Amino acid sequence: MRRTLIQSATIISMDDRIGDLRAGDVLVENGRIAEVRPGIDAGDAEVVDGRGRIVIPGLINAHMHTWQTALRGYAANWTLLEYFRRMHAGLATLFAPDDIYIATLVGALNQINCGATTLVDWCHNNPTPAHTDAAVRGLIESGIRAAFFHGSPKPEPKPGEPHFSEVPHPRREIERLLAGPLADRDGPVTLGLAILGPHYSTLDVSLHDFRLARELGLIASMHQGGGPAKTPGGWEKLIEAGLVGPHVNIVHGNDLSDDLLQRLIDLGVTFSVTPENEMIQGHGFPITGRLLRRGVCPTIGIDLESVLAGDLFSAARVALSMQRALDNAEMRKSEGTIPATTTIPAREALRWVTTQGARMLGRESQIGSLTPGKLADLVMINVEYLNLFPVHDPVATVVMQTSLANIESVMIGGRWKKRNGQLLVDGLDRKKELLAQSGQRLVRDIERQGHAAT
């Protein structure tokens with residue numbers, strides 16, 4: 001039985017019963033957290049010196065299109081409308097399975113590098129089973145814990161073909177995955193549905209896809225927002241049909257009315273906010289505050305590395321800072337002054353990328369906090385570096401000041417995936433070379449067609 005003891009570290013457990021420990025130990029046995037407290041007897045365990053380190057649960061990236069990793073920064077100046085045209089109707093159509101594989105593999109490795117131990121890979125560029133299998137293979141090979149949300153491509157239809165909004169999610173493909181590589185519902189890579197939803201599909205397609213998710217017991221995640229809805233009033237019809245519940249996840253949601261937002265919250269729907277990309281591309285302000293005022297928390301995702309960085313700490317910080325700014329502005333407008341104290345503590349932002357991500361995935365009994373019995377997914381942050389030293393409030397240090405440079409070690413399921421600042425992966429240089437070749441070919445081919453980035 002593998003045993004690892006992290007000794008004398010500052011621990012932010014995100015478990016209310018355990019709390020924070022200024023100097024505590026974490027014992028890992030056979031892939032799970034066995035104990036979290038001061039003074040644990042090491043026995044025959046590997047001992048890791050935790051002095052000058054903060055240990056937190058592994059971060060959970062609730063939404064990312066990992067297939068775009070080879071196009072990092074290429075879409076940084078695009079609005080959402082340009083993204084639809086240039087990415088989905090353009091670049092996406094040029095991807096071979098090998099492009100999907102290397103992008104997903106390296107993108108997932110970078111998530112580990114940045115402190116994420118769980119990735120929701122929202123894969124909607126899989127026109128063939130070979131593309132899907134390539135993405136799943138990349139996730140498995142990376143060693144990250146992942147939820148593979150199977151989506152569908154969105155090209156412009158050829159003559160005689162239906163628009164993507166009229167195409168139901170492919171049952172046969174989902175059943176194939178459930179009978180094959182993603183059969184284990186508690187495995188390191190699990191399956192969910194990345195469906196179109198009422199904003200991007202007809203009512204008949206929405207009803208089909210929601211029923212499929214419920215029948216198969218899968219999370220149904222969908223984008224909501226960005227231009228006019230394909231099915232006005234679609235949410236109301238889905239609710240009337242009894243198809244909306246805690247298994248439904250809405251990404252963005254910026255355009256939801258207050259009444260509809262409350263109805264969805266009452267039904268247990270979860271929400272994934274991607275704050276940077278929503279503000280950059282024109283979705284609108286993230287709904288973080290609207291959710292908090294109604295007693296629920298968002299989860300946080302990166303969305304697009306073709307636009308911005310894959311660092312989840314930065315995304316959480318943006319969500320927190322943006323909502324504090326909105327709250328401060330509202331108070332100044334109504335009362336002529338700023339709030340007497342901050343409206344959202346820093347700890348809340350850490351909750352959004354740990355425990356709330358676990359809840360959205362229905363895995364709160366397995367991941368999201370440093371709780372005995374849960375899977376040993378954790379991150380060690382070196383706070384002896386100049387940008388973090390000295391530490392007065394460990395939570396504030398983690399949320400407001402930590403960067404990639406401080407992510408020293410990452411453990412997933414009791415196995416180190418990063419140690420002493422280095423990813424533990426073979427052939428990384430070759431993987432980077434393949435990623436570069438893929439990205440260069442895709443950009444070259446699309447620019448030949450006259451769809452260059454500006």
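**Pockets, Cavities, Backbone and Salt Bridges**

Trainee: The largest pocket is lined by 27 residues; which of them lie nearest its centre?

Mentor: They are Asn126, Pro127, Ser152, Pro153 and Pro155. The model is predicted, with pLDDT of at least 70 required for local features and 80 or more for side-chain atom pairs, while totals for chains, interfaces and linings use all residues. Residues are numbered from 1 along each chain, and side-chain values use heavy atoms, without hydrogens or water.

Trainee: How is a pocket to be read, and how much space lies in the largest pocket?

Mentor: Rolling a probe the size of a water molecule over the atoms shows where empty space is left. On a 1 Å grid over the protein atoms alone, a pocket is an open set of points with protein on both sides within 12 Å along at least five of seven lines; in a cavity a 1.4 Å probe fits but cannot get out, and lining residues have an atom within 4 Å of a point. Volume is the space filled by probe spheres on the points, which are joined across faces, edges and corners. Here, the largest pocket holds about 590 Å³ of space.

Trainee: Which residues lie nearest the centre of the second largest pocket, and which elements give two or more residues to its lining?

Mentor: The second largest pocket has a volume of about 300 Å³. Its lining contains 18 residues, and Leu191, Gly217, Ile219, Leu361 and Gly362 lie nearest its centre. Strand S8 (145-150), strand S9 (189-194) and helix H13 (355-360) are the elements that give two or more residues to that lining. Such elements are DSSP runs numbered from the N terminus: helices (H or I, at least four residues) and strands (E, at least two).

Trainee: How many cavities of 30 Å³ or more does a search of the whole structure find?

Mentor: The search finds two. The largest cavity contains about 160 Å³ of space. Its lining is formed by 16 residues, and the closest to its centre are Leu80, Tyr83, Phe84, His223 and His252. Helix H1 (80-88) and helix H9 each supply at least two lining residues, and H1 makes the largest contribution, with four. Residues 275-281 form H9, where Met279 is found.

Trainee: Which residues line the second largest cavity?

Mentor: The lining consists of Phe313, Ala316, Ala349, Leu350, Val353 and Val399. The volume of this second largest cavity is about 30 Å³. Helix H11 (312-335) and helix H12 (346-352) each contribute at least two of its lining residues.

Trainee: Which residues does the cis peptide bond join?

Mentor: The bond joins Phe389 and Pro390, with omega about 0 degrees. Pro390 is located in the loop between strand S14 (378-382) and helix H14 (394-401).

Trainee: What distance separates the C-alpha atoms of Ile6 and Ala45?

Mentor: The separation is 9.5 Å, although the two residues are 39 residues apart along the chain. Ile6 belongs to strand S1 (residues 3-12) and is buried, because its relative accessible area is 0%.

Trainee: How many salt bridges does the count give?

Mentor: Side chains of opposite charge can pair when their charged atoms come close. The rule requires a side-chain nitrogen of Lys or Arg within 4 Å of a carboxyl oxygen of Asp or Glu, and the count here comes to 24. One of them pairs Arg176 with Glu173 at 2.7 Å, N to O. Both residues lie in helix H4 (residues 171-179), three residues apart, about one turn of the helix. Arg176 is partly exposed at 30% relative accessibility, whereas Glu173 is buried at 12%.

Trainee: Which pair links distant parts of the chain?

Mentor: Arg294 and Asp258 meet in a salt bridge of 3.4 Å, N to O. This pair is 36 residues apart: Arg294 sits in the loop between helix H10 (288-292) and strand S13 (299-300), and Asp258 in helix H8 (residues 258-266).

How values were computed: Buried < 20%, exposed > 50% of the residue type's maximum accessible area, 1.4 Å probe, protein only.
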